[in-house]
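Subject: The structure, and some notes on it

Hello,

Here is the structure I promised to pass on.

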Amino acid sequence: MAKKEDTFKKVISHAKEYGYIFGSSEIYDGLSAVYDYGQNGAELKKNIREYWWKSMVQMHENIVGLDASIFMHPTTWKASGHVDAFNDPLIDNKDSKKRYRADVLIEDHAEKILQKANKEIAKAKKRFGDDFDEEQFKTTNPRVVKYLAENKAILARMGSSLEKEDLEDVKALIEELGIGCPESGSKNWTDVRQFNLMFGTKLGASADSAMDLYLRPETAQGIFVNFLNVQKTGRMKLPFGIAQTGKAFRNEIVARQFIFRMREFEQMEMQFFVRPGEDQKYYEYWKETRLKWHMSLGLGEENYRFHDHDKLAHYANAAADIEFNFPFGFKELEGIHSRTDFDLKAHEEFSGKKLQYFDHELNENYVPYVVETSVGLDRMFLAVFSKSLKEETLEDGSSRTVLKLPAVLAPTKAAILPLVKKDGLPELAREIIGELKWNFNVAYDEKDAVGRRYRRQDANGTPFCITVDHQSLEDKTVTIRDRDTMEQERVAITDLERILEEKTSFKSWLTKLK
Ligand code: GAP
């Protein structure tokens, strides 16, 4: 079995074993692509959400929050284009009976070609060392030039066929490239069809008066329809942003890869309203700013890359993904979209209400342009969790499983461990917890030998273990062990709060972003 698949399986089983993620309604055999977050998962998810919220809302004077409802008037989705255009092109394999997104099949094929180019580049880099000129190599090495051109041509043709709604050509492309069913290898495909991703439901008790609704497929529209409410009541001046986190629902055709593609998921979105003409400037600004935010978590700069869209969504004039190196390869983590005035204008048209801003400096009314940043909370969770899970061989030859979560996001910041269950050590440990718990999520653990307890906390992702021993009774000091370096230091009990603050607080991590 491929190594990547092994790693991914380990991620999924570790998430379950340590109370991070369970399949939904498991006792009834679960529900496909729906998941529940356990005792640790709920904390990690909350911390990621808070890390985003604080950096976007609290740290920006000109960004405010919103909590719009999931149900919205059905005309919202006509105006936004989701009724007509929120479709995925699907294709079935006649032999394996498996259904796929046609664009994903093609993108995966193109990615394999790109990987061939990247392999050649990596080999040459190794061979030539410091003298290596990557840009020159990319334009002169015949094999790399061929791979890169092939990759580009495939994506460009797919983008243009999808834009023209030419589904026959999408199928023709799959056949020309010789793409087989990833499960069976069969190349016996149906035609490509469009499939709307929105979930429908009904509002109202009686069958006659019930109104057809959709569960929102993105949180963004709640922001657009409230644009003037927030701008006027908050006396906001352009440029300004409205941020929101919340559930979104999509009837994904191919829901796989664990919490990467779910049918019920959470988004963290921000719409930044700007003067027309300033959209490109802010699009570039938010691309850089969001990438920096991701990198602040220390998961490795090499695990991120931008992917500029060839195929633009119906509302965008420019769009890029921040892709992350998930256990199954580089895939979209966040989207940054320059949405023009598409949404506000469409809501003006469909509602008959003006959604304009009076610009005092220019002395004119206009519909602002919008730059959006949109990241999936569950995808962030998968990125953080999968990159943090490590198997390490220690100096003595033994091995340990350690979840090196960024300390600011870790569900439990410290475990307090009495060395033995007697002599007043548990009581002192409880006293320490009594002080720390006001500001930090801390745990108490007295079961098993202390070495085993360290391993348990390592696997759980707890960044610090504080051990209370006999010396603690005499001089009010404890040892604090760092999960990642495994080094221990003796410190005064009265210093613990300051140390944990320095190592785990939002302030100490977010100041790195400045
Ligand atoms: N408002 C723009 C928008 O919704 P999108 O690219 O469709 O754009 C934004 O989605 C982000 O939401 C994605 O980058 C991804 O992180 C997350 N996302 C989208 N569909 C998802 C799904 N089915 N499961 C989990 N996360 C998803």
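Which side chain makes a polar contact with the side chain of serine 161? The side chain of aspartate 169 does, at 2.7 Å. By polar contact I mean a pair of N or O atoms within 3.5 Å; within protein, one must be able to donate a hydrogen and the other to accept it, and residues adjacent in sequence count only if both atoms are side-chain atoms.

Before the rest, please keep in mind that this is a predicted model, where local features need pLDDT of at least 70 and side-chain atom pairs count only at pLDDT 80 or more, while totals for chains, interfaces and linings use all residues. Residues are numbered from 1 along each chain as its sequence is written, and side-chain values use heavy atoms, with hydrogens and water left out.

Back to serine 161: this residue sits in helix 7 (residues 142–163). Helices (H or I, at least four residues) and strands (E, at least two) are DSSP runs, numbered from the N terminus.

Now to the ligand. It is surrounded by 22 residues, and the closest are Glu218, Glu252, Met262, Glu269 and Glu332 (a residue is near if one of its heavy atoms lies within 4 Å). By class, this shell holds 10 charged, seven nonpolar and five polar residues; Ala, Val, Leu, Ile, Met, Phe, Trp, Tyr, Cys and Pro count as nonpolar, Asp, Glu, Lys and Arg as charged, and the others, Gly among them, as polar. Strand 13 gives the most to the shell, with six residues. Strand 10 (264–274), strand 13 (329–340) and strand 16 (369–376) each supply at least two.

Some atom pairs to look at:
- Glutamate 269 has a polar side-chain atom 2.5 Å from a nitrogen atom of the ligand.
- For glutamate 218, a side-chain N or O atom is 2.6 Å from a ligand nitrogen.
- For arginine 339, the distance from a side-chain N or O atom to a ligand nitrogen is 3.4 Å.

Seven strands form an open sheet in the order 3-9-10-16-13-12-11, with mixed pairing (two strands pair if DSSP finds at least two bridges between them). Strand 3 (63–65) and strand 11 (304–308) are at the edges with a single partner strand each, so one side of each has no neighbour in the sheet.

Best wishes
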